[in-house]
Amino acid sequence: MSAEIIDLNGMYEDYFLDYASYVILERAVPKIDDGLKPVQRRILHALFQMDDGRFHKVANAIGQTMQYHPHGDAAIGAALVHIGQKDLLLDTQGNWGDIRTGDSAAAARYIETRLSAFAKVVAFNPKTTEWQLSYDGRKKEPIALPMKFPLLLAQGVEGIAVGLSTKILPHNFIELIKASIKILQGKKPKIYPDFLTGGSIDVSDYKGGKRGGKVKVRAQIKTEDKKTLVVTELPYGVTTNQLIDSIIKANDKGKIKIKKVIDNTAEDVELRIELPAGVSADVTRDALFAFTSCEVSISPNACVIVDNRPMFLTVEEILQNNTEQTRDLLRWELEIARGELQEKWHFASLEKIFIQERIYRDIEECESWEEVLEAIDSGLREYVSTPSDKVKASDKRLRLLRDITEDDLTRLTEIKIKRISKYNVFAADEKIAAIEAELKQVEHDLEHITDYSIAYYQELLKKFGKGRERRTEITDFQDIKVRQVVANNVKLYVQRKEGMIGTSLKKDEFVTECSDIDDIIVFKKDGTYQVTRVADKTFVGKNIIHVAVWRKGDERTTYNLVYLDAKTGRSMAKRFHVKAIVRDRDYDITAGAKGSRITYFQAHPNGEAETIQVQLTPGARARTKVFTFDFGDLDIKGRGSKGNILTKYSVRKLTLLEVGSSTIGAMKWWIDRSTGRLNRVGQGDLLGEFDTGDYLLLVTRDGQYGIYDVDENFYYDPKMIEDLAVLYQDSVISAVYHEGDKGWTMVKRFEVEHATVGQLYQFVTDHRSTKLYYATASDGAQVVYTYKAQNQKYTKELDLDSFVDVKGWKALGNKLGEFKILSIKEIATAETSSPESDDDEDQGKYKPGDTIELDF
């Protein structure tokens, strides 16, 4: 018996294509029509078939779904729990797990579910559903549910198929409905992700959720005090356990410094991060975003099945498709309703004619069924209206809209004698009139289908929108400079004579604490310098005179030096910055002659200039052998400049006499009110110019003040910032507030006393009803305020400087009145004028000139 030979050529190609198509179409990627994967669709269909208004055991629902889904119960159970955790299509009962902590649901036999009222409204209508046989041919299942809502965008989806994947982020329920209404109105809305876990999101590079875009998502971190940070909301896709693990790993690697993490998550997320003494809470907050899962980057990839083919679309295109489909489905439902109403009107009219005109008597003499039908048809025929009929105006008889069928005649014969004998013509006319009114409304809705669709969405919003407001705040994330926030996790040492630097030279001279990603700048006596990365041990060249951490783009650190030019014998003085380099490359800062050397060197962090004493050698021919030189007389130039001639004579000694002030000048700083951060690039509102030693004065909306160092690490919740200003020696804060204990509105002015940097001080009483209305650090503050007394509103102006004298910060102040202020607005002056900003008002920020509406 000969063996059968099977040709394998091309078989694997066909098999792979078949498998890939199956995974894409039947498992991993959702259809654009209803936003569901097959397993999700079958679960919902099974629950609809089971629905009796009561809860069902999930184990039972899984078993029912297996009639339609050809895979195991574990896959169905996991998908069902996933749908339930979205809190949209299912009502749940029992322990369904927690997406915040990553806790899994209880066993299927212990938890229960049923379709939500929302799901029944938007997802099911057997009359508009297309059907197919199930995998074993025993049951019918929907090809796609008649979804009248952008479910795909509301729930989001993630799936990995063969050769492609999909990742669509969830969007806000209310915003999706409003965007659908805008589409129906001919507008082009933009939509952005929103997550159940809250947090904040930067959508500047979202690109409509298409391939190539990305979003950054952050946890919500609050500073409770200078030693405690509290995480209250999580980034999308990150659980509390994962977040804690990432924090511990970052601490172990030395990227951040923390004391401990305490997980108090219950109804709300609460991760308490305690800091060791001397560690800045603001810097640690930024470091958490830089080195832990407190900030994650997500790359969406909106891929859906359209006409049995995978397509990559933007979320706006998906929403457009869903909105048009909803309108088409609503039109289809209205057309079905119209047909049903026409049938009801037709039979009600037939019945009226049959009984009122006593046509039933015509069948008394009939001897066969055919004669009965013929007699009834003959009696009704004159009431059938055809296009060719010309009905006289005097003919008021009821006219049927369509021809009479055998089914119509059969139904008439089934009317009982009892009903005929008690037939009420008046009630019949009312019923027909009601059907006609309903039919007229349906016809109107069909003619105005877009308006009808808008009304449908508005009803959804009214009925199901409560409690579905946006949870994830949309904001612009300021880039965190990793080198500024990384914790100093290593110590740097130097062997000056041998030219070695590194973290392992622990027996040699200590330089500074730094991080293991820092760059180090090294100046040597021969007039060269180089920048290199921190390492265990690195040779950089002998006779080191200066070692420090170097920051790229640093325009403040200034190097003042004197070098001896070996070619001319002159001593040259110069000042320069080092803003950009190539690592591990030697740069010459002398004139380039071999044998030149540095005789004096100083590095200043803020462009300070010093005065030095120059002593010439006794044999010098100069008349004055001792004189002073001020580096402030030199311009700051590039590192390649030769410098200015200090003296052409031989120098015996150079001595530092005095370090002066900065020659660069004060720095301008701006506050970005969307992020609560300072910057020097002109982003946001200008605070002023800050010189060396200046501090920032912060006034908060809950009645506290504090002073802070001015740098890019500063952060405060932008919603809580009342005022920011340069702190002067005689800075005065003026405030209007409601004193809760006495029930009075008070005005106070106080001078900012010596305070610990970074610590807040409460300048209003701590009564729970105390409320700060207005506060400023500007001079000459004047406000206009509105209050209500004896059921009448009053508006008055107030000059705070003349109303109350400057007192201590703990003083209550002077009484303005026994009322509560409804609104307060700063009166713009020549010194304090500030344009109003709608954007700031929308974001809940306050600027001088904005009106604050206060709700008590």
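Which residue lies over the face of Trp131? In this predicted model, the residue is Lys140, placed at 5.5 Å from the ring centre of Trp131.

A pair of aromatic rings is described by the distance of the centres and the angle of the planes. The count of aromatic pairs comes to 27. Among them is the stacked pair of Tyr785 and Tyr787, with 5.9 Å from centre to centre and 25° between the planes. Tyr787 also forms a stacked pair with Tyr794, at 5.4 Å centre to centre and 25° between the planes. Tyr785 and Tyr787 are both buried. Tyr787 counts as buried because its relative accessibility is 8%, under the 20% limit. Tyr794, in contrast, has a relative accessible area of 28% and is therefore partly exposed.

In soluble globular proteins, nonpolar side chains tend to be buried together. The largest nonpolar core of the model holds 98 residues, and the members that touch the most others are Phe118, Phe149, Ile318 and Leu460. Apart from this core lies another, of 21 residues, including Ile353, Ile404, Leu409 and Ile415. Beyond its close sequence neighbours, up to four places away, Phe149 is in contact with Leu88, Phe118, Val122, Ala154, Phe173, Ile177, Thr326 and Leu460.

As for the cysteines, the count of disulfides is 0. Cys303 is buried, with a relative accessible area of 0%, whereas Cys366 is partly exposed at 21%.

Methods:
Residues numbered from 1 in each chain as written. Predicted model: local features only at pLDDT ≥ 70, side-chain atom pairs only at ≥ 80, totals over all residues. Heavy atoms only, no water. Disulfide = S-S within 2.5 Å. Buried < 20%, exposed > 50% of the residue type's maximum accessible area, 1.4 Å probe, protein only. Core = buried A, V, L, I, M, F, W, Y, C linked by side-chain atoms within 4.5 Å. Contact = heavy atoms within 4.5 Å. Phe/Tyr/Trp six-rings, centres within 6.5 Å; stacked < 30°, edge-to-face > 60°. Lys NZ or Arg CZ within 6 Å of the ring centre and 35° of its normal.
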